[in-house]
Amino acid sequence: MPKITFIDSSKNTKTIDVESGLSVMEGAIQNNITGIDADCGGSMACATCHVYVEEKWFDKIPKAEDSEIDMIDMAYEPKKNSRLSCQIIISDDLEGLTVTTPEKQS
Amino acid sequence: MIKTDVIIIGSGPVGLFAVHQLGIKGLKTEVIDNLDKAGGQCIELYPDKPIYDIPANPECTGKELTNNLLKQITPFQTNFHFNERVDEVTQERDKWIVKTSKRKTFIAPNIMIAGGVGSFEPRKLNLKEAEKFEGKSVFYSVTNKEMFKNKKISIFGGGDSALDWALELSKTSKVTLIHRRNDFRGAPHTLAEIKKLEKQEKISIKTPCQLTAIGGGDNIKSIEIKFEDERSEKIETDIILSFFGLIMKLGPIAEWGLNMDKKTISVTTDNFQTNKPGIFAVGDICTYPGKLKLILSGFHEVALASVECFKRARPNERYRFEFTTSSKTIQNRLGLKKKDD
(Lines give C-alpha, C1' and ligand atoms only; values in the text may rest on other atoms or scores of the structure.)
Protein backbone atom coordinates (compact mmCIF):
# COMPACT_ATOMS: atom_id res chain seq x y z
CA MET A 1 0.00 0.00 0.00
CA PRO A 2 1.43 3.41 -0.97
CA LYS A 3 2.57 5.66 1.85
CA ILE A 4 1.18 9.20 1.90
CA THR A 5 2.56 11.95 4.12
CA PHE A 6 0.51 14.81 5.48
CA ILE A 7 2.18 17.92 6.86
CA ASP A 8 0.03 20.34 8.85
CA SER A 9 0.49 24.10 9.01
CA SER A 10 2.63 23.72 12.16
CA LYS A 11 4.93 21.32 10.26
CA ASN A 12 3.81 18.17 12.12
CA THR A 13 3.98 15.20 9.81
CA LYS A 14 2.00 11.98 9.73
CA THR A 15 2.54 9.17 7.27
CA ILE A 16 -0.25 6.70 6.53
CA ASP A 17 -0.73 3.67 4.29
CA VAL A 18 -3.55 4.12 1.82
CA GLU A 19 -4.98 1.43 -0.39
CA SER A 20 -4.59 2.08 -4.12
CA GLY A 21 -7.84 3.24 -5.66
CA LEU A 22 -8.90 5.35 -2.69
CA SER A 23 -8.62 9.12 -2.82
CA VAL A 24 -6.14 11.01 -0.65
CA MET A 25 -9.19 12.48 1.14
CA GLU A 26 -10.62 9.03 1.92
CA GLY A 27 -7.24 7.91 3.23
CA ALA A 28 -7.08 11.00 5.43
CA ILE A 29 -10.58 10.51 6.86
CA GLN A 30 -9.99 6.80 7.60
CA ASN A 31 -6.79 7.70 9.42
CA ASN A 32 -8.18 10.70 11.33
CA ILE A 33 -5.88 13.22 9.72
CA THR A 34 -6.75 16.57 11.26
CA GLY A 35 -6.98 19.41 8.78
CA ILE A 36 -9.09 17.53 6.23
CA ASP A 37 -12.82 18.22 6.78
CA ALA A 38 -14.36 16.83 3.57
CA ASP A 39 -17.81 18.18 4.44
CA CYS A 40 -19.45 17.16 1.17
CA GLY A 41 -18.09 13.62 1.29
CA GLY A 42 -16.17 13.77 -1.98
CA SER A 43 -18.74 15.19 -4.40
CA MET A 44 -16.40 18.10 -5.17
CA ALA A 45 -18.83 20.59 -3.78
CA CYS A 46 -17.21 22.14 -0.73
CA ALA A 47 -13.41 22.64 -0.99
CA THR A 48 -12.83 21.54 2.62
CA CYS A 49 -10.39 18.74 1.69
CA HIS A 50 -8.03 21.30 0.16
CA VAL A 51 -4.30 20.48 0.22
CA TYR A 52 -1.08 21.91 -1.16
CA VAL A 53 0.79 19.29 -3.19
CA GLU A 54 4.58 19.23 -2.92
CA GLU A 55 6.06 20.71 -6.12
CA LYS A 56 7.75 17.53 -7.37
CA TRP A 57 4.48 15.64 -7.11
CA PHE A 58 2.23 18.36 -8.49
CA ASP A 59 3.12 17.62 -12.12
CA LYS A 60 3.06 13.84 -11.62
CA ILE A 61 -0.58 13.57 -10.60
CA PRO A 62 -3.29 13.90 -13.26
CA LYS A 63 -4.23 17.54 -13.86
CA ALA A 64 -7.28 19.05 -12.16
CA GLU A 65 -10.45 19.30 -14.23
CA ASP A 66 -12.07 22.72 -14.72
CA SER A 67 -14.73 21.98 -12.14
CA GLU A 68 -12.07 21.25 -9.53
CA ILE A 69 -10.22 24.47 -10.34
CA ASP A 70 -13.49 26.40 -10.02
CA MET A 71 -14.06 24.80 -6.62
CA ILE A 72 -10.51 25.63 -5.48
CA ASP A 73 -11.46 29.31 -5.92
CA MET A 74 -13.66 28.80 -2.86
CA ALA A 75 -10.93 27.17 -0.76
CA TYR A 76 -9.15 28.80 2.18
CA GLU A 77 -5.97 30.49 0.88
CA PRO A 78 -5.57 28.73 -2.44
CA LYS A 79 -2.11 28.64 -4.02
CA LYS A 80 -0.68 27.51 -7.34
CA ASN A 81 -0.13 23.98 -5.99
CA SER A 82 -3.62 23.67 -4.49
CA ARG A 83 -5.67 20.54 -5.13
CA LEU A 84 -8.77 18.97 -3.66
CA SER A 85 -7.60 15.75 -2.03
CA CYS A 86 -10.87 13.97 -2.96
CA GLN A 87 -9.77 14.20 -6.58
CA ILE A 88 -6.31 12.67 -6.15
CA ILE A 89 -6.62 8.91 -6.55
CA ILE A 90 -3.89 6.85 -4.95
CA SER A 91 -1.91 4.44 -7.12
CA ASP A 92 1.44 2.69 -6.70
CA ASP A 93 3.03 5.52 -8.71
CA LEU A 94 2.17 7.92 -5.90
CA GLU A 95 4.21 6.04 -3.26
CA GLY A 96 5.67 8.75 -1.04
CA LEU A 97 3.25 11.53 -2.05
CA THR A 98 3.47 14.45 0.36
CA VAL A 99 0.77 17.05 0.83
CA THR A 100 0.41 19.98 3.22
CA THR A 101 -2.90 20.89 4.78
CA PRO A 102 -3.86 24.57 5.05
CA GLU A 103 -4.07 26.41 8.38
CA LYS A 104 -7.82 25.74 8.32
CA GLN A 105 -10.40 24.59 5.78
CA SER A 106 -13.01 27.30 6.16
CA MET B 1 -45.61 29.67 20.18
CA ILE B 2 -46.14 27.30 17.26
CA LYS B 3 -47.44 23.86 18.31
CA THR B 4 -46.84 20.86 16.11
CA ASP B 5 -46.15 17.12 16.20
CA VAL B 6 -42.64 17.20 14.75
CA ILE B 7 -40.20 20.07 14.26
CA ILE B 8 -37.98 19.24 11.29
CA ILE B 9 -34.61 20.98 11.16
CA GLY B 10 -33.32 21.12 7.59
CA SER B 11 -35.19 21.03 4.30
CA GLY B 12 -32.79 18.95 2.25
CA PRO B 13 -34.09 15.81 0.52
CA VAL B 14 -34.21 13.85 3.78
CA GLY B 15 -36.03 16.61 5.70
CA LEU B 16 -38.55 16.85 2.86
CA PHE B 17 -39.19 13.11 2.79
CA ALA B 18 -39.62 13.22 6.56
CA VAL B 19 -42.62 15.52 5.96
CA HIS B 20 -44.04 12.76 3.75
CA GLN B 21 -43.42 9.84 6.09
CA LEU B 22 -44.82 11.76 9.06
CA GLY B 23 -47.65 13.18 6.97
CA ILE B 24 -48.99 9.81 5.87
CA LYS B 25 -49.11 8.84 9.55
CA GLY B 26 -51.26 11.90 10.19
CA LEU B 27 -48.58 13.96 11.94
CA LYS B 28 -48.19 17.71 11.48
CA THR B 29 -44.75 19.17 10.83
CA GLU B 30 -43.00 22.54 10.72
CA VAL B 31 -39.75 22.79 8.75
CA ILE B 32 -36.94 25.23 9.63
CA ASP B 33 -33.96 25.95 7.35
CA ASN B 34 -31.20 28.55 7.34
CA LEU B 35 -31.27 28.80 3.53
CA ASP B 36 -33.86 30.80 1.61
CA LYS B 37 -35.33 27.76 -0.12
CA ALA B 38 -35.80 24.00 0.17
CA GLY B 39 -33.33 21.45 -1.18
CA GLY B 40 -30.28 21.75 1.06
CA GLN B 41 -27.03 20.59 -0.50
CA CYS B 42 -28.94 19.35 -3.58
CA ILE B 43 -29.96 22.91 -4.42
CA GLU B 44 -27.04 24.83 -2.98
CA LEU B 45 -24.13 22.65 -4.09
CA TYR B 46 -25.22 20.65 -7.10
CA PRO B 47 -28.57 21.83 -8.54
CA ASP B 48 -27.57 20.84 -12.08
CA LYS B 49 -25.34 17.86 -11.38
CA PRO B 50 -26.88 14.45 -12.05
CA ILE B 51 -27.63 11.92 -9.31
CA TYR B 52 -27.76 8.26 -10.39
CA ASP B 53 -28.60 6.36 -7.23
CA ILE B 54 -32.14 7.34 -6.36
CA PRO B 55 -34.18 4.10 -6.56
CA ALA B 56 -36.41 3.93 -9.66
CA ASN B 57 -35.02 7.23 -10.89
CA PRO B 58 -32.13 6.40 -13.25
CA GLU B 59 -30.97 10.00 -13.50
CA CYS B 60 -32.07 13.30 -12.02
CA THR B 61 -30.45 16.58 -10.99
CA GLY B 62 -30.41 17.97 -7.47
CA LYS B 63 -33.03 20.48 -8.55
CA GLU B 64 -35.31 17.85 -10.09
CA LEU B 65 -35.07 15.67 -7.00
CA THR B 66 -35.99 18.62 -4.78
CA ASN B 67 -38.90 19.66 -6.99
CA ASN B 68 -40.26 16.11 -7.06
CA LEU B 69 -40.03 15.81 -3.29
CA LEU B 70 -41.79 19.15 -2.87
CA LYS B 71 -44.53 17.92 -5.21
CA GLN B 72 -44.82 14.69 -3.25
CA ILE B 73 -45.41 16.56 0.03
CA THR B 74 -47.86 19.22 -1.23
CA PRO B 75 -50.89 17.39 0.25
CA PHE B 76 -49.49 17.89 3.75
CA GLN B 77 -49.37 21.70 3.48
CA THR B 78 -46.46 21.92 5.87
CA ASN B 79 -45.08 25.32 6.90
CA PHE B 80 -41.53 26.23 5.92
CA HIS B 81 -39.55 28.75 7.95
CA PHE B 82 -36.66 29.81 5.75
CA ASN B 83 -33.67 32.06 6.54
CA GLU B 84 -33.90 30.91 10.13
CA ARG B 85 -31.43 28.93 12.13
CA VAL B 86 -32.40 26.89 15.17
CA ASP B 87 -30.37 28.37 17.99
CA GLU B 88 -31.79 26.81 21.12
CA VAL B 89 -33.38 23.51 22.12
CA THR B 90 -34.77 23.10 25.64
CA GLN B 91 -36.92 20.50 27.33
CA GLU B 92 -40.29 21.09 28.99
CA ARG B 93 -41.52 17.86 30.55
CA ASP B 94 -42.02 15.45 27.62
CA LYS B 95 -41.97 18.23 25.01
CA TRP B 96 -39.18 20.10 23.25
CA ILE B 97 -39.03 23.84 22.75
CA VAL B 98 -37.11 25.24 19.81
CA LYS B 99 -36.07 28.88 19.39
CA THR B 100 -34.82 30.28 16.09
CA SER B 101 -32.53 33.15 15.11
CA LYS B 102 -35.68 35.14 14.23
CA ARG B 103 -37.06 34.64 17.74
CA LYS B 104 -39.78 32.23 16.67
CA THR B 105 -40.67 29.55 19.23
CA PHE B 106 -41.93 26.07 18.50
CA ILE B 107 -43.13 23.30 20.80
CA ALA B 108 -43.46 19.62 19.91
CA PRO B 109 -42.97 16.15 21.37
CA ASN B 110 -40.48 15.40 18.57
CA ILE B 111 -37.57 17.06 16.81
CA MET B 112 -36.17 15.55 13.64
CA ILE B 113 -32.68 16.85 12.86
CA ALA B 114 -32.05 16.50 9.13
CA GLY B 115 -29.31 19.07 9.14
CA GLY B 116 -26.80 17.56 6.69
CA VAL B 117 -23.39 18.94 7.58
CA GLY B 118 -24.91 21.91 9.39
CA SER B 119 -26.23 25.25 8.25
CA PHE B 120 -24.95 27.05 5.20
CA GLU B 121 -23.11 30.29 5.84
CA PRO B 122 -21.09 32.53 3.53
CA ARG B 123 -17.39 31.83 3.41
CA LYS B 124 -15.67 34.80 5.02
CA LEU B 125 -12.55 36.68 3.90
CA ASN B 126 -9.32 35.17 5.24
CA LEU B 127 -8.00 38.50 6.45
CA LYS B 128 -8.58 39.01 10.19
CA GLU B 129 -9.15 42.77 9.94
CA ALA B 130 -12.14 42.12 7.64
CA GLU B 131 -14.16 41.05 10.69
CA LYS B 132 -14.45 44.49 12.28
CA PHE B 133 -15.82 45.97 9.05
CA GLU B 134 -18.40 43.24 8.55
CA GLY B 135 -21.90 44.59 8.03
CA LYS B 136 -20.54 48.16 7.73
CA SER B 137 -18.24 48.02 4.73
CA VAL B 138 -17.57 44.32 4.22
CA PHE B 139 -20.51 42.31 2.87
CA TYR B 140 -21.05 38.71 1.79
CA SER B 141 -24.36 39.31 0.05
CA VAL B 142 -26.37 42.18 -1.35
CA THR B 143 -29.72 42.62 0.34
CA ASN B 144 -30.29 46.31 -0.34
CA LYS B 145 -28.86 47.65 -3.61
CA GLU B 146 -29.40 51.27 -2.51
CA MET B 147 -26.52 50.95 -0.03
CA PHE B 148 -24.12 50.35 -2.90
CA LYS B 149 -24.83 53.48 -4.98
CA ASN B 150 -22.11 56.03 -5.76
CA LYS B 151 -19.41 54.09 -3.95
CA LYS B 152 -16.02 52.64 -4.71
CA ILE B 153 -16.65 48.90 -4.55
CA SER B 154 -14.08 46.09 -4.66
CA ILE B 155 -15.65 42.75 -5.51
CA PHE B 156 -13.80 39.49 -4.78
CA GLY B 157 -14.57 36.18 -6.46
CA GLY B 158 -14.63 34.56 -9.86
CA GLY B 159 -18.05 32.93 -10.05
CA ASP B 160 -21.55 33.93 -11.08
CA SER B 161 -22.37 36.00 -7.99
CA ALA B 162 -19.20 38.10 -8.28
CA LEU B 163 -19.73 38.66 -12.02
CA ASP B 164 -23.45 39.41 -11.79
CA TRP B 165 -23.01 41.96 -9.01
CA ALA B 166 -20.01 43.54 -10.75
CA LEU B 167 -22.24 44.13 -13.79
CA GLU B 168 -25.19 45.39 -11.80
CA LEU B 169 -23.33 47.68 -9.41
CA SER B 170 -21.10 49.15 -12.13
CA LYS B 171 -24.20 51.03 -13.32
CA THR B 172 -24.12 53.26 -10.26
CA SER B 173 -20.68 52.78 -8.70
CA LYS B 174 -16.99 52.43 -9.49
CA VAL B 175 -16.37 48.68 -9.45
CA THR B 176 -13.09 46.77 -9.25
CA LEU B 177 -13.36 43.02 -9.80
CA ILE B 178 -10.58 41.02 -8.16
CA HIS B 179 -9.88 37.32 -8.63
CA ARG B 180 -7.06 34.94 -7.73
CA ARG B 181 -6.66 33.67 -11.31
CA ASN B 182 -7.23 35.01 -14.81
CA ASP B 183 -10.19 32.80 -15.68
CA PHE B 184 -13.69 33.59 -14.49
CA ARG B 185 -16.47 31.05 -14.22
CA GLY B 186 -19.76 32.44 -15.40
CA ALA B 187 -22.35 32.52 -18.15
CA PRO B 188 -20.69 33.38 -21.51
CA HIS B 189 -23.03 36.34 -21.95
CA THR B 190 -22.07 37.80 -18.57
CA LEU B 191 -18.38 37.30 -19.28
CA ALA B 192 -18.71 39.11 -22.61
CA GLU B 193 -20.53 42.00 -20.92
CA ILE B 194 -17.80 42.29 -18.29
CA LYS B 195 -15.05 42.35 -20.94
CA LYS B 196 -16.95 45.05 -22.83
CA LEU B 197 -17.28 47.22 -19.72
CA GLU B 198 -13.59 46.72 -18.98
CA LYS B 199 -12.71 48.05 -22.44
CA GLN B 200 -14.97 51.05 -21.87
CA GLU B 201 -13.15 51.49 -18.54
CA LYS B 202 -16.39 51.16 -16.60
CA ILE B 203 -15.10 48.15 -14.64
CA SER B 204 -11.55 47.56 -13.55
CA ILE B 205 -10.39 43.93 -13.42
CA LYS B 206 -7.43 42.81 -11.31
CA THR B 207 -6.07 39.27 -11.74
CA PRO B 208 -4.37 37.08 -10.61
CA CYS B 209 -4.20 38.52 -7.14
CA GLN B 210 -5.38 38.26 -3.58
CA LEU B 211 -6.32 40.64 -0.78
CA THR B 212 -3.42 41.38 1.58
CA ALA B 213 -4.53 44.36 3.66
CA ILE B 214 -7.47 46.60 4.48
CA GLY B 215 -6.85 50.23 5.42
CA GLY B 216 -9.12 52.60 7.30
CA GLY B 217 -10.44 53.52 10.72
CA ASP B 218 -14.18 53.14 11.28
CA ASN B 219 -14.75 52.67 7.60
CA ILE B 220 -12.61 51.21 4.87
CA LYS B 221 -10.56 53.73 2.88
CA SER B 222 -8.44 51.46 0.75
CA ILE B 223 -7.36 47.89 0.22
CA GLU B 224 -4.09 46.35 -0.84
CA ILE B 225 -3.85 43.45 -3.24
CA LYS B 226 -0.85 41.37 -4.22
CA PHE B 227 -0.37 39.94 -7.68
CA GLU B 228 1.17 36.55 -8.42
CA ASP B 229 4.42 38.29 -9.45
CA GLU B 230 4.62 39.78 -5.90
CA ARG B 231 3.68 43.26 -7.16
CA SER B 232 1.30 45.10 -4.79
CA GLU B 233 -1.36 47.67 -5.54
CA LYS B 234 -3.48 49.95 -3.40
CA ILE B 235 -7.08 50.46 -4.45
CA GLU B 236 -9.33 53.17 -3.04
CA THR B 237 -12.35 51.31 -1.65
CA ASP B 238 -15.46 52.14 0.37
CA ILE B 239 -17.03 48.71 0.24
CA ILE B 240 -15.76 45.15 -0.12
CA LEU B 241 -18.09 42.53 -1.48
CA SER B 242 -16.84 38.97 -1.24
CA PHE B 243 -18.36 35.98 -3.02
CA PHE B 244 -16.58 32.77 -2.14
CA GLY B 245 -19.64 30.57 -1.90
CA LEU B 246 -21.09 28.94 1.15
CA ILE B 247 -19.62 26.69 3.78
CA MET B 248 -21.44 24.36 6.10
CA LYS B 249 -21.17 24.92 9.82
CA LEU B 250 -22.52 22.59 12.46
CA GLY B 251 -23.29 25.62 14.63
CA PRO B 252 -25.44 25.41 17.78
CA ILE B 253 -26.38 21.71 17.25
CA ALA B 254 -23.19 20.77 19.11
CA GLU B 255 -24.53 22.48 22.24
CA TRP B 256 -27.81 20.61 22.63
CA GLY B 257 -26.40 17.85 24.82
CA LEU B 258 -26.56 15.19 22.13
CA ASN B 259 -24.01 12.40 21.92
CA MET B 260 -21.73 13.38 19.07
CA ASP B 261 -19.08 11.58 17.07
CA LYS B 262 -16.91 14.27 15.47
CA LYS B 263 -19.44 16.41 13.57
CA THR B 264 -22.21 13.79 13.50
CA ILE B 265 -24.91 12.75 15.97
CA SER B 266 -24.97 9.20 17.32
CA VAL B 267 -28.32 7.41 16.91
CA THR B 268 -29.81 3.96 17.37
CA THR B 269 -30.65 2.04 14.21
CA ASP B 270 -34.13 0.90 15.20
CA ASN B 271 -35.62 4.40 15.23
CA PHE B 272 -32.73 6.85 14.73
CA GLN B 273 -33.32 8.44 18.10
CA THR B 274 -30.46 10.30 19.77
CA ASN B 275 -29.58 10.01 23.46
CA LYS B 276 -32.45 12.46 24.10
CA PRO B 277 -35.87 10.77 23.78
CA GLY B 278 -37.89 12.58 21.13
CA ILE B 279 -34.89 14.03 19.32
CA PHE B 280 -34.06 12.13 16.15
CA ALA B 281 -31.20 12.61 13.70
CA VAL B 282 -31.48 11.47 10.09
CA GLY B 283 -29.51 11.80 6.86
CA ASP B 284 -25.88 12.91 6.63
CA ILE B 285 -25.85 14.33 10.15
CA CYS B 286 -26.45 11.02 11.93
CA THR B 287 -24.00 8.22 12.52
CA TYR B 288 -24.24 4.54 13.48
CA PRO B 289 -22.19 1.46 12.62
CA GLY B 290 -22.16 1.07 8.85
CA LYS B 291 -23.69 4.48 8.12
CA LEU B 292 -23.54 5.54 4.47
CA LYS B 293 -24.04 9.20 3.59
CA LEU B 294 -26.50 8.52 0.81
CA ILE B 295 -29.85 10.17 0.14
CA LEU B 296 -31.47 6.74 0.02
CA SER B 297 -30.15 5.89 3.49
CA GLY B 298 -31.77 9.09 4.77
CA PHE B 299 -35.11 8.04 3.27
CA HIS B 300 -34.97 4.74 5.18
CA GLU B 301 -34.00 6.54 8.37
CA VAL B 302 -36.99 8.91 8.30
CA ALA B 303 -39.40 6.05 7.62
CA LEU B 304 -38.33 4.30 10.81
CA ALA B 305 -37.97 7.46 12.89
CA SER B 306 -41.47 8.58 11.94
CA VAL B 307 -42.98 5.50 13.65
CA GLU B 308 -41.43 6.44 16.99
CA CYS B 309 -42.52 10.08 16.42
CA PHE B 310 -46.09 8.82 16.01
CA LYS B 311 -45.94 6.86 19.27
CA ARG B 312 -44.70 9.93 21.14
CA ALA B 313 -47.15 12.37 19.53
CA ARG B 314 -50.18 10.04 19.85
CA PRO B 315 -49.54 8.07 23.04
CA ASN B 316 -53.17 6.98 23.27
CA GLU B 317 -53.42 5.64 19.73
CA ARG B 318 -52.09 2.38 18.39
CA TYR B 319 -49.68 2.60 15.48
CA ARG B 320 -50.86 0.64 12.45
CA PHE B 321 -48.46 -0.18 9.67
CA GLU B 322 -50.14 0.49 6.33
CA PHE B 323 -49.32 0.55 2.62
CA THR B 324 -50.01 3.67 0.56
CA THR B 325 -51.33 1.43 -2.23
CA SER B 326 -54.16 0.01 -0.16
CA SER B 327 -54.77 2.25 2.86
CA LYS B 328 -57.87 4.44 2.54
CA THR B 329 -56.67 6.53 5.51
CA ILE B 330 -53.34 7.33 3.86
CA GLN B 331 -55.01 8.04 0.54
CA ASN B 332 -57.33 10.50 2.28
CA ARG B 333 -54.33 12.21 3.83
CA LEU B 334 -52.80 12.41 0.36
CA GLY B 335 -56.01 14.10 -0.82
CA LEU B 336 -56.82 11.35 -3.31
CA LYS B 337 -60.35 10.49 -4.35
CA LYS B 338 -61.54 7.01 -3.45
CA LYS B 339 -61.85 4.82 -6.52
CA ASP B 340 -65.26 3.42 -5.60
CA ASP B 341 -66.79 6.91 -5.22
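Begin by selecting the two domains of chain B, whose C-alpha centres lie 38 Å apart; the domain assignment gives domain 1 as 2–121 + 247–333 and domain 2 as 124–244, bounds that come from an automatic or database domain assignment. This is a predicted model, in which local features need pLDDT of at least 70 and side-chain atom pairs count only at pLDDT 80 or more, while totals for chains, interfaces and linings use all residues. Residues are numbered from 1 along each chain as its sequence is written, and chains are lettered from A and ligands numbered from 1 in the order in which they are written.

With the whole of chain B in view, its C-alpha atoms fill a box of roughly 70 × 45 × 40 Å along the principal axes. Chain B has 7 helices and 24 strands, taken as DSSP runs (H or I of at least four residues for helices, E of at least two for strands) and numbered from the N terminus. Of its 341 residues, 38% count as buried, that is, with 20 or more other C-beta atoms within 10 Å of their own, the C-beta atoms being placed from the backbone.

Next, select helix α4 of chain B, residues 160–169, where the buried residues are S161(B), A162(B), L163(B), W165(B), A166(B) and L169(B). What covers them includes β13 (152–156), β14 (174–178), α5 (188–199), β15 (203–206) and β19 (239–242) of chain B.

Then select the open sheet of chain B with the strand order β21-β22-β24 and mixed pairing, where two strands pair if DSSP finds at least two bridges between them. Because β21 (260–261) and β24 (286–287) stand at the edges, each with a single partner strand, one side of each is left without a neighbour in the sheet. β21(B) pairs with β22(B), residues 264–266, in the antiparallel sense over 2 bridges, and M260(B) stands opposite I265(B) in β22(B).

Methods. Buried ≥ 20, exposed ≤ 12 C-beta atoms within 10 Å, placed from the backbone. Contact = placed C-beta atoms within 7 Å.
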